[in-house]
Each structure stands twice: as structure tokens, then as C-alpha cells.
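The sequence and structure come first.

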Amino acid sequence: FVADKNKTLYLIKQHLNLFTTDNLNNSYLVNGEELIKYNPAGKQLLKYSNKRFGNITTIDATNALKVLLYYKDFQQIVFIDNQLSQNGDMISLETLGYEQTDLVCSSFNNSFWIYNKQTVELVRFNENSQQIAKTGNLKQLLQAELKPEFMLESNSYLYLNCPDIGIYVFDMYGTFNKIISLKNIHSFQVFDNVLYFYKEGKFCSYDTKAFEEKCMSYSDSLNKKIRIEKDRLFIQYSDSIVVMENLPK
């Protein structure tokens, strides 16, 4: 997995609120309303900003050719291409009838998911912003008080993270599949059947088929978030991103 002895490849000095990566080893740093894209060598490539809608609250680069940005304060979604040019019109969730949307993430076939707090449901829209799947009221369905903080789609499943309960998993039609009992996690990635996450000074992986969790201690507790892409390890601090080799297990 990873270790303290990993070789540092480069450092990006930049104040940031959010960051993510794509499967091409590009990194995306968000500082308020501005998005900056860096290539796999750590060189700044492009910038994007839209001053009309305030700060970017979510970025999802699952599809490197169609990156999702969400402006929660204005309930607006914009998709941008790999040159950080806007791809299509802004999507107003209020216009679609969803005024209290907390979470948004990308879905396959250029579609997207939302979690709406007012209706307590997950809804999937296609690339034309037409509703194609929904869960109904999750509080009633799951008999639980949900306080989700994060969600992502991977391998045709949607993962909805509620740190005080665990991770709820749904299929592409919004049908509840299972709950993964991992608590107090605030972000994660999914590759095949394995979740990767960081908590309490440890890198961990959880195999959802074997129900096996493995963790390795990491001496630096000052970082905010960690991402893995192929042979790279991206570590977020308040004023920088450190990119290291990801050593084989």
C-alpha cells in the first residue's frame, strides 16, 4: 500500500479548500471560486473561475473529459472539459425542483446524482438533466436519520457516506444494496471492490467482498486528505499538495 519511505515526486504550493485527481494523474486544486489544474509533473496548466456563483463546494473528476463542479450556495452545477472550458449550460437544481441539495457527484454516461435534504432522497439525472432514477424518502426506507457528507459513484454503484452510521450503497436505479460499517470516515475512493481511506493517522483499505480491513500507520497527522491514482499518492495540506510514489504492497 503506502509507507513513510515513499519518494516525494513534487510539491505544489497553493492555498486550497478542496482538491481532487483524475486517472491520468492530473490534480485539481480549488481555492474559493478558482480551480487550477496541474499536469502529472506538477506544472500548472489551466485556471477556471465563475464569479457569479461564489465558491466551488464540490469537484468530481471521475471523468477527466467532463469534470463536475457544484456551487452549493446557488444550487448550480457546471461541467467543464479537459481544457477547463464550460461544457454545456449551467444546471440550476432549483429550476429542476430541488432547492436544498447538499451533495452532487458524477455518474456514468455523462449523468449525475444529487442528494436532496428536503426530500431526503437520491436522484439521478441524465446528460439532458432529465430524472432517470430516484430512491424515494431514505429516512423511511432505511429507518435512519441520515447526515451524509460525501458521495461518489464507482463500478455502477453509488456510495453515500454518513460518518456516524457507515456507507450506504445503491445501484444505478437507486435501489438500496447494502451498508458498509465503516464509521468516522470523511472521504474515500473505490477501486474494484476495495475502499481506500485515511483516518486517525492511518492509511486503510477495506475489501467489501472479503470484509477485510488493513491499515498502515502514517506519522504525519497534519494532512487533510489523501488520494491514490495508479502509482501516485496525493497528500493535501492547508497550503500545498505533496505528490509521492505509491509503493506496491
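The points below are grouped by topic.

The model is predicted, so local features need pLDDT of at least 70 and side-chain atom pairs count only at pLDDT 80 or more, while totals for chains, interfaces and linings use all residues. Residues are numbered from 1 along each chain as its sequence is written, and side-chain values use heavy atoms, with hydrogens and water left out.

**Pocket**

- The largest pocket has a volume of about 1,200 Å³. A pocket is an open set of points, on a 1 Å grid over the protein atoms alone, where a 1.4 Å probe fits, with protein on both sides within 12 Å along at least five of seven lines. The volume is the space filled by probe spheres set on the points, which are joined across faces, edges and corners.
- F150, S187, F188, K225 and R227 are the closest to the pocket centre among its 49 lining residues; a lining residue has an atom within 4 Å of a point.
- Elements giving two or more residues to this lining include strand 2 (18–21), strand 10 (101–106) and strand 22 (225–229). Strands are DSSP runs of E with at least two residues, helices are runs of H or I with at least four, and both are numbered from the N terminus.

- Four strands form an open sheet in the order 6-7-8-9, with antiparallel pairing; two strands pair if DSSP finds at least two bridges between them.
- Strand 6 and strand 9 (91–92) are at the edges with a single partner strand each, so one side of each has no neighbour in the sheet.
- Strand 6 and strand 7 (residues 67–71) are joined by 3 bridges, and T58 is opposite Y70 in strand 7.

**Nonpolar cores**

- The largest nonpolar core has 17 residues, of which L122, L138, L146, M151 and L160 touch the most other members. Such a core is a set of buried Ala, Val, Leu, Ile, Met, Phe, Trp, Tyr and Cys residues joined through side-chain atoms within 4.5 Å.
- Strand 15 gives the most to this core, with 3 residues.
- A second, separate core of 15 residues includes L69, V78, I80 and L84.

**I132**

- I132 lies in strand 13 (residues 131–134) and is partly exposed, at 42% relative accessible area. Buried means under 20%, exposed over 50%, and partly exposed in between (1.4 Å probe, protein chains only).
- Beyond four places in sequence, I132 touches R124, F125 and N126; contact means heavy atoms within 4.5 Å.
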